[in-house]
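Thanks, everyone. Please look at the model on the screen, and then I will walk you through it.

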Amino acid sequence: LAAAVATLCGEADEACPAVAAGVRRVHWPLPDPAAATGGEEERLNAFRKVRDDLRRRIEELDNQRRRHRRRVRHSTRRRCRATSSSARCKPPGSSGS
């Protein structure tokens, strides 16, 4: 199951089907590099620009996910230390020793 779905084309923001509950949806309206004009080098640069932009956005999305997971883990640890019963703080399947 995907943690996030990114749509890219202009009409995708309105026309794409709904995603499952809990899946983050982001819309990145990037230019279509296939529509680039000019010589071979200009067209190639258009593809490289979109590729680099996608890489940057995906890395940022992943960094946001990692920061969120760290905050959740840290919050859970604090809550577990504050409770008298540590049984509910153990991950499922742990042996308890």
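Which residues line the largest pocket? They are Ala3, Ala4, Gly22, Arg24, Ile58, Leu61, Asp62, Gln64, Arg65, His68 and Arg69.

First, the ground rules. This is a predicted model, where local features need pLDDT of at least 70, side-chain atom pairs count only at pLDDT 80 or more, and totals for chains, interfaces and linings use all residues. Residues are numbered from 1 along each chain as its sequence is written, and side-chain values use heavy atoms, with hydrogens and water left out.

Back to the pocket. A pocket here is an open set of points on a 1 Å grid over the protein atoms alone, where a 1.4 Å probe fits, with protein on both sides within 12 Å along at least five of seven lines; lining residues have an atom within 4 Å of a point. The largest pocket holds about 240 Å³ of space. That volume is the space filled by probe spheres set on the points, which are joined across faces, edges and corners. Helix H2, residues 40-82, gives the most to the lining, with seven residues. By class, the lining has four nonpolar, three polar and four charged residues. Ala, Val, Leu, Ile, Met, Phe, Trp, Tyr, Cys and Pro count as nonpolar, Asp, Glu, Lys and Arg as charged, and the others, Gly among them, as polar.

Now the fold. The protein has two helices and two strands, running β-α-β-α from the N terminus on. Helices (H or I, at least four residues) and strands (E, at least two) are DSSP runs, numbered from the N terminus.

Next, the interior. Of the 97 residues, 12% are buried. Buried means under 20% relative accessible area, exposed over 50%, partly exposed in between, with a 1.4 Å probe and protein chains only. What makes up the largest nonpolar core? Val26, Trp28, Leu30, Val50 and Leu61, five residues in all. Such a core is a set of buried Ala, Val, Leu, Ile, Met, Phe, Trp, Tyr and Cys residues joined through side-chain atoms within 4.5 Å. Beyond its neighbours within four places in sequence, Trp28 is in contact (heavy atoms within 4.5 Å) with Ala6, Thr7, Leu8, Leu54, Arg57, Ile58 and Leu61.

Last, two loop residues. Val23 sits between helix H1 (12-15) and E2. Is Val23 buried or exposed? Buried, because its relative accessible area is 13%. Its C-alpha is 5.2 Å from that of Ala4, 19 residues apart along the chain. Ala35 is in the loop between strand E2 (24-27) and H2. Ala35 has 55% relative accessibility, so Ala35 counts as exposed.
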